[in-house]
Amino acid sequence: AMKTTPSFCLLLSLTTTYHAVAVPSSPEDDDCVIKSSNYINMSYEQDGAEAKEIAKYLPYFPFKGIPKFYDIGGFLEKPEVFQQIVDIFAARYDSIGIDAVAGLDARGFILGPPIALALKKPFIMMRKKGKMPNSISSADYNVEYGKRAGLTVQRDKISKGDRVLIIDDLVAT
């Protein structure tokens, strides 16, 4: 059966205690349905030893009003560090029962697919408006340096009740 979703919502922040996944909202409901989980594998601390080691490979520079804009390009040239990042994400989110991994256009497409493969879950592209056929759009949203048009996802990729881990290059923003 083909999955259809009339709308979806976009959750843009994750906290250190609770990690939330957004699931499609119904057309009559303006709010996202968010399921939080505090039973995530915490083998790796958010700002722990591994994060500090990885940070050595993330050069930063001022960009659009962000004093320390970290560039993920630094670890992409280090396969062992890139693999460690994928392993940390996979270990952290393996037990929360997600149905898919989604990546935000465009840097979420770098980290999302290898994390999805490690978790043995499908990968879903979330693209800028006008870039994908047969898609639905989220509302516009704000980032640290301005406003962004909403993102789109293909209609048959997410169904009501699906738990989707959304990946972006969070080190950059």
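These legends go with close-up views of a predicted model.

**View 1. Helix α3 and its buried residues.** Helix α3 covers residues 79–93, 15 residues in total. From first C-alpha to last it reaches 21 Å, close to the 21 Å expected at 1.5 Å a residue. Look for the buried residues here: Val81, Phe82, Ile85, Val86, Ile88, Ala90, Arg92 and Tyr93. As a reminder, an α-helix has 3.6 residues a turn, so residues three or four places apart point the same way.

**View 2. The cis peptide bond between aspartate 105 and alanine 106.** Omega is about 5° at this bond. Alanine 106 sits in the loop that runs between β5 (100–104) and α4 (108–119). Most peptide bonds are trans.

**View 3. Arginine 127 and aspartate 105 in a salt bridge.** Aspartate 105 turns up again here, its side chain meeting that of arginine 127 at 3.3 Å, N to O. The pair links distant parts of the chain, 22 residues apart, with arginine 127 in strand β6 and aspartate 105 in the loop between β5 and α4. Arginine 127 counts as partly exposed, at 22% relative accessibility, while aspartate 105 counts as buried, at 16%.

**View 4. Lysine 129 and aspartate 140 in a salt bridge.** These two side chains meet at 3.5 Å, N to O. Lysine 129 belongs to the loop between β6 and β7, and aspartate 140 to the loop between β7 and β8 (141–143), so the bridge ties together parts eleven residues apart in sequence. Lysine 129 is partly exposed, with a relative accessible area of 41%, and aspartate 140 is partly exposed too, at 42%.

**View 5. Aspartate 156 and lysine 157 in a salt bridge.** Here the N to O distance is 3.8 Å. Aspartate 156 is partly exposed at 32% relative accessible area, and lysine 157 is partly exposed at 34%. The count of salt bridges in the model comes to three.

**View 6. Lysine 120 and asparagine 134, two residues with positive phi.** Most residues other than glycine have a negative phi. Lysine 120, though, has a phi near 60°, and asparagine 134 has one of about 50°. Lysine 120 lies in the loop between α4 and β6 (123–128) and is exposed, with a relative accessible area of 74%. Asparagine 134 is placed in the loop between β6 and β7 (135–137).

**View 7. A patch of positive charge on the surface.** Lys64, Lys128, Lys131 and Arg148 gather here. Arginine 148 comes from strand β9 (residues 146–148) and is partly exposed, with a relative accessible area of 32%.

Technical notes
Residues numbered from 1 in each chain as written. Predicted model: local features only at pLDDT ≥ 70, side-chain atom pairs only at ≥ 80, totals over all residues. Heavy atoms only, no water. Helix = DSSP H or I, 4+ residues; strand = E, 2+ residues; numbered from the N terminus. Expected span 1.5 Å × (residues − 1). Buried < 20%, exposed > 50% of the residue type's maximum accessible area, 1.4 Å probe, protein only. Patch = residues over 30% accessible without salt bridge, like charges linked within 9 Å, V, L, I, M, F, W, Y side chains within 5 Å. Areas by Shrake-Rupley, 256 points an atom, 1.4 Å probe, with all protein chains shown as cover. Salt bridge = Lys/Arg side-chain N within 4 Å of Asp/Glu carboxyl O. Lys, Arg positive; Asp, Glu negative; His and termini not counted. Charge placed at Lys NZ, Arg CZ, Asp CG, Glu CD.
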